[in-house]
Amino acid sequence: MVLNSIHVAFVLYLGEKSVAYKLKDEETFSLELPEAEPGKYVCDVDGKQVATYDIEVWKVTESKSGYLLQGDTLKLHLSPFKDTRIEWFEPHKTKVTDKEPRWKLQKDGLQISNLTVQEDHGRWECHIPHYELKLSYNVKVFGFSNRLDEFRFAAINSNILLSCPLNIDLQEKTDWEIPKVQSWKWLKNNVLVKDHNISNINSSFSIHQISSVQSEDAGKYQCHLGFKDRNLSKTINLIVMKVSAVPPALRSKEDNVTLCGHISPSAPPLTELCWVYVNESSNETKCGSPISDNKFCHVATTEGLWRCDLKVNNNVKISIDYILGKTSNETTLENRFSLIKIGSGIGTMLLLLILVGVCVPTCKRIKQKQQRAKRMAQIKQHLLAKRTCQCQRELPNDYYHA
């Protein structure tokens, strides 16, 4: 607050407490009060009171100070209040009206119920049009960065991370005003699936990973924080989607296939499933709400790439592709001819193998017989030669005996 006076040789400002204030600017004789207090201020020039200021200090007070937990109630009050019109603006600079049920306008202030991080955390302003005053107050809300109730979508056999990060990093901020977390748990349909040790709290507490998602993984997951006097929970609704085809392929040009998109559990509001035929020339689309049995089916007669989109409020949340093949009679005949050719080739090879298998042993046996006969002839000849030699050695020598 700045108080201005006239140009004089000596100026002294006196408050109700008889405290002398120094001038901020001796040329303009202005006085600045960094933390103004209500009361009467007098400008004394050479012993004469040339100006008097009656100062009122307006401020916004709160029913609770410090950080408030998500879901708490806070009342902002203008003090001192005079019978004048006041306006409130939320952190996103939008004027508060009676249309928002959580924000209740009162004559001297504003009550904010069920505090949220997304809408209430930040600087609020109180405007007093008659006095052209703008007062601000910083509302501190401690809770989850994302909304307390949200939907996540996953395709069958995919991996997904469920998270519930806080709007304040507890590892970096050690403010005594922040409520102390005493427990941190993950639950599915109110059944405990993970319990963390709070002695070493870290960012990984806010993550729950599911690998190879199956239909039974669908359901309500709760990220549960426990405090001294209350609890704080965030719900993540996991929707699992899969596709099927009966029969799995087209048999003929006159045949058809029923393509179905399945979701579990029940679909959120404004949900629809759409089958889209993905083609360069056209995108044929058939949509419907998965009301009965949580599925929507479409009868397809065209082979190619089909895509199933899950939409919520006309926004695509997840898509799964299905390639519809064709097993027509022509294809079957071609396959048969191919099989006949392959069979003929295999039969010829088998016949050659059989002939080789029969001929080789026969030839081998004949050769062995020939070799055996040859060896026998050689043995006989050898024995005959040996016998002749023996007979010659045993003949008497008539000349020697004579």
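What pLDDT does the chain average, and what share of the residues score at least 70? This is a predicted model, so start by colouring by confidence. The average pLDDT is 81, and 78% of the residues score at least 70.

Select residues 5–13. Here the pLDDT is below 50, yet the stretch has 37 contacts in the model beyond near neighbours in sequence. Now select residues 328–344. The pLDDT is again below 50, and this stretch has 5 contacts beyond near neighbours in sequence. Where pLDDT is low, the predicted coordinates should not be read in detail.

**The whole chain**

Switch to cartoon. The chain holds 3 helices and 29 strands. Of its 402 residues, 32% count as buried. Take the contacts between residues at least 6 apart in sequence: 57% of them join residues at least 24 apart. Show the surface next.

**The largest nonpolar core**

Select Phe142, Trp184, Trp186 and Leu225. In the largest nonpolar core, which has 27 residues, these four touch the most other members. The most come from β22, with 4 residues.

Centre on leucine 225. Beyond its neighbours within four places in sequence, leucine 225 contacts Phe144, Leu166, Val181, Ser183, Trp184, Asn231 and Leu232.

Another core, of 22 residues, lies apart from the largest one; Leu250, Ile263, Tyr277 and Leu310 are among its members.

**A five-stranded sheet**

Select β23, β29, β28, β25 and β26. In that order, these 5 strands form an open sheet with mixed pairing. β23 (249–250) and β26 (283–288) are the edge strands; each has a single partner, so one side of each is left without a neighbour in the sheet.

Zoom to β28 (residues 304–312) and β29 (residues 315–326). They pair in the antiparallel sense over 9 bridges. Pick lysine 311: its bridge partner in β29 is valine 316.

**An aromatic pair**

Which aromatic residues should you pick next? The count of aromatic pairs comes to 5.

How values were computed. Residues numbered from 1 in each chain as written. Predicted model: local features only at pLDDT ≥ 70, side-chain atom pairs only at ≥ 80, totals over all residues. Heavy atoms only, no water. Pairing = 2+ DSSP bridges. Helix = DSSP H or I, 4+ residues; strand = E, 2+ residues; numbered from the N terminus. Phe/Tyr/Trp six-rings, centres within 6.5 Å; stacked < 30°, edge-to-face > 60°. Buried < 20%, exposed > 50% of the residue type's maximum accessible area, 1.4 Å probe, protein only. Contact = heavy atoms within 4.5 Å. pLDDT = per-residue confidence, 0-100. Core = buried A, V, L, I, M, F, W, Y, C linked by side-chain atoms within 4.5 Å.
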